[in-house]
Amino acid sequence: MAKLSDTLYAELRRRIMSGHYAPGERLREESLAQEMQVSRTPVRAALQRLVEDGLLVAASRGATVAGWTQWDIAEAFELRILLEPHAAGLAAERATPQQIDEMDALNDEMHACALAETDDRAARVQAVNNRFHHLLVEAAHSGRLSGMLQNFLDMPIMIGSFYFYSQQDMLDSVSQHRQVAAAIRRRDRRFAEQAMAFHLRASFLRFEMQRVRPAPQGEDAAVTAASGSSGA
């Protein structure tokens with residue numbers, strides 16, 4: 001039962017991340033169970049995990065998709081692209097040897113996870129990826145910058161992107177991480193900034209290629225719904 005719930009969770013997360021479900025769309029246990037030919041119990045468990053992740057909002061006998069519009073996602077990526085290369089540059093100047101060694105170790109672990117033929121490969125790669133980016137921000141030794149970046153690193157819509165990565169996409173991401181770590185080890189601030197900017201822009205492009213493009217009126221409706229729910 002646990003493995004079935006994990007499979008459903010991964011599939012539903014991939015659908016949400018790709019924009020298959022629109023912001024505010026209702027996901028009902030009964031409908032999903034019928035579609036996927038399973039009982040409601042594993043569906044309920046998968047939906048609860050997605051609620052805890054912040055990708056869904058709990059509702060009676062199901063959940064609704066959190067209000068992430070295309071503009072929300074683009075803005076979050078652009079702000080991260082502005083801030084995290086700066087963190088990489090500071091890390092090139094301030095990271096301790098132990099932190100640099102840990103970056104290399106995390107990249108080795110991420111590479112091994114990407115090669116593993118397991119059902120939870122995406123989750124394992126994502127977890128290590130998140131640890132690498134958090135470590136890099138810590139290595140910048142800037143409390144102010146860390147405070148600005150933490151929320152972006154843990155945004156639900158970003159941390160699940162590996163659920164639609166191919167194995168080669170994962171390996172490419174590791175390779176880009178290695179370039180960032182190598183620049184930091186060389187204490188090359190400019191290279192570290194450029195390598196991180198390239199990595200994030202490549203990630204955004206890959207993300208955009210997987211997202212379903214809604215019709216203009218659908219986007220307008222999503223923005224209106226998001227504005228109404230935020231009290232703006």
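Where is the place of His141? His141 sits in the loop between α6 and α7 (143-153). The structure is a predicted model, in which local features need pLDDT of at least 70 and side-chain atom pairs count only at pLDDT 80 or more, while totals for chains, interfaces and linings use all residues. Residues are numbered from 1 along each chain as its sequence is written, and side-chain values use heavy atoms, with hydrogens and water left out.

**Overall make-up**

- The protein chain has eleven helices and three strands; helices (H or I, at least four residues) and strands (E, at least two) are DSSP runs, numbered from the N terminus.
- Starting at the N terminus, the order of elements is α-β-α-α-β-β-α-α-α-α-α-α-α-α.
- The chain holds 232 residues, and 48% of them count as buried. Buried means under 20% relative accessible area, exposed means over 50%, and partly exposed lies in between (1.4 Å probe, protein chains only).
- Among contacts with a separation of 6 or more, 78% join residues 24 or more positions apart. Contact means heavy atoms within 4.5 Å.

**Helix α5 with helix α6**

- Helix α5 (residues 97-115) and helix α6 (residues 121-139) have axes that come within 9 Å and cross at roughly 165°. Axes are lines fitted to C-alpha atoms, for helices over the stretch in contact, and angles run from 0 to 180 degrees between N-to-C directions.
- α5 and α6 are therefore roughly antiparallel to each other. Angles over 145 degrees count as roughly antiparallel, under 35 as roughly parallel, 65 to 115 as roughly perpendicular and the rest as oblique.
- The crossing of α5 and α6 is left-handed, a term used if the near helix is turned anticlockwise from the far one by less than a right angle, with clockwise giving right-handed.
- On the α5 side the meeting residues include Met103, Leu106 and Met110, and on the α6 side they include Val125, Val128, Phe132 and Leu135.
- The residues of this contact of α5 with α6 divide into eleven nonpolar, three polar and six charged. Ala, Val, Leu, Ile, Met, Phe, Trp, Tyr, Cys and Pro count as nonpolar, Asp, Glu, Lys and Arg as charged, and the others, Gly among them, as polar.

**Helix α5 with helix α9**

- α5 also packs with helix α9 (residues 167-185), at an angle of about 170° and with the axes 9 Å apart.
- That angle makes α5 roughly antiparallel to α9.
- Among the residues that make the contact are Ile100, Asp104, Asn107 and His111 of α5, and Met170, Val174, His177 and Ala181 of α9.
- The contact of α5 with α9 is made up of ten nonpolar, five polar and five charged residues.

**Buried polar and charged residues**

- Asn129 belongs to helix α6 and is buried, with a relative accessible area of 9%.
- Leaving aside neighbours within four places in sequence, Asn129 is in contact with Met110, Phe162, Ser173 and His177.
- Glu84 lies in helix α4 (residues 70-94), and at 0% relative accessibility it counts as buried.
- The side chains of Glu84 and His133 are joined by a polar contact of 2.5 Å. A polar contact is a pair of N or O atoms within 3.5 Å; within protein, one must be able to donate a hydrogen and the other to accept it, and residues adjacent in sequence count only if both atoms are side-chain atoms.
- Not counting residues up to four places away in sequence, Glu84 touches His133, Leu136, Leu149, Leu153, Met196 and Leu200.

**Helix α1**

- Leu8 is found in helix α1 and is buried, with a relative accessible area of 6%.
- Leu8 and Val43 are 35 residues apart in sequence, and their C-alpha atoms are 6.7 Å apart.
- Beyond residues up to four places away in sequence, Leu8 touches Met36, Val38, Pro42, Val43 and Ala46.
- Asp6 is also placed in helix α1 (residues 2-18), but counts as partly exposed at 40% relative accessibility.
- The side chain of Asp6 makes a polar contact of 2.7 Å with the side chain of Arg49.

**Positive phi in loops**

- Most residues other than glycine have a negative phi.
- His141 has a positive phi of about 50° although it is not a glycine, and is partly exposed at 41% relative accessibility.
- Arg61, in the loop between β2 (56-59) and β3 (62-65), has a positive phi near 55°. Arg61 is exposed, with a relative accessible area of 55%.
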